Amino acid sequence: MSAGLPAAVLTLVTELRKLPGVGEKTATRYVLSLMQRGAEGVEALGRSLAEVAAQVRPCARCGFLADAELCGFCADPSRDASVVCVVEGIADLVSFEKIGEYRGSYHVLGGAISALRGITPDRLRIGELVARVAQGGIREVIVATSADAEGETTALYVRKALEALDVRVTRPATGIPMGSSIEFLDAVTLMRALRGRREL
Ligand SMILES: [Zn+2]
């Protein structure tokens, strides 16, 4: 359906298709809708994207999105910095926040260990987590990686990496169906899993 469109439009369709859940049809619809808003509308989106690219970077402590050295969670003095919830990606962190109950801090690994996809532990922010715990002041690390093979492997690796340190390592257990990605769990299931966490 995008045949005959100018090359620049096709490039934009290709970029949008890299987003989750966006196929060629949806991407083309987005682009055509944007074009209808005129050059001003397209430029506003372009400026917004450029601003995000220029200003947003990983938080120096937890790896979440930040526009300063620390993200909003790490910089918030009302959050409990002695509890750290370890997640695979930033979308998982957003899911945890939706519960509205967790008041601790976070650590984003940037993925899960996967032999299939060539993701080795050194490509994840596990070293940063160990360094963070080694600095002291952290009493519990909740390893909230996904309940699939890669998430379980990662959780065990994280536990082993923290073994020599004086910290409680737990994992949300109850209620997370095997094979589930944290990102797609509803808040109630996630809240139950968090409350029912056990020693890993
Ligand atoms: Zn942070």
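A crossing of two helices is called left-handed if the near helix is turned anticlockwise from the far one by less than a right angle, and right-handed if the turn is clockwise. In the predicted model described here, the crossing of helices H5 and H6 is right-handed. The contact between these helices involves Ile 126, Leu 129, Val 130 and Val 133 on the H5 side, and Tyr 157, Val 158, Ala 161 and Leu 162 on the H6 side. Sorted by class, the contact contains eight nonpolar residues, with no polar and no charged ones. Two packed helices are described by the angle between their axes and by the distance between those axes. For H5 (residues 126-134) and H6 (residues 149-162), the angle is about 40 degrees and the axes are 10 Å apart.

The domain assignment of the protein places residues 7-55 in domain 1 and residues 73-199 in domain 2. Taken over C-alpha atoms, the centres of domain 1 and domain 2 are separated by 33 Å.

An open sheet is formed by five strands, arranged in the order S4-S3-S5-S6-S7, with mixed pairing. At its edges are S4 (104-108) and S7 (198-199), each of which pairs on one side only. Strands of a sheet pair through backbone hydrogen bonds, in either a parallel or an antiparallel manner. S3 and S4 run parallel and are joined by five bridges; Cys 85 stands opposite Tyr 106 in S4. Helix H4 (residues 90-99) lies across S3 and S4, and runs at about 125 degrees to S3.

S3 is also joined to S5 (residues 140-143), by four bridges, and this pair runs parallel. Here Val 86 has Val 143 of S5 as its bridge partner. S5 is in turn linked to S6 (residues 168-171) through three bridges, again with parallel strands. Within S6, Val 169 stands opposite Val 141.

Cys 71 is located in the loop that connects strand S2 (65-66) with strand S3 (80-87). Is this residue buried or exposed? A residue counts as buried if 20 or more other C-beta atoms lie within 10 Å of its own. Cys 71 has 25 other C-beta atoms within 10 Å and is therefore buried. Apart from its neighbours within four places in sequence, Cys 71 is in contact with Cys 59, Cys 62, Phe 64, Leu 65 and Ala 66.

Methods: Residues numbered from 1 in each chain as written. Predicted model: local features only at pLDDT ≥ 70, side-chain atom pairs only at ≥ 80, totals over all residues. Axes fitted to C-alpha atoms, helices over the stretch in contact; angles between N-to-C directions. Helix = DSSP H or I, 4+ residues; strand = E, 2+ residues; numbered from the N terminus. Contact = placed C-beta atoms within 7 Å. Nonpolar A, V, L, I, M, F, W, Y, C, P; charged D, E, K, R; others polar. Domains from an automatic or database assignment. Buried ≥ 20, exposed ≤ 12 C-beta atoms within 10 Å, placed from the backbone. Pairing = 2+ DSSP bridges.
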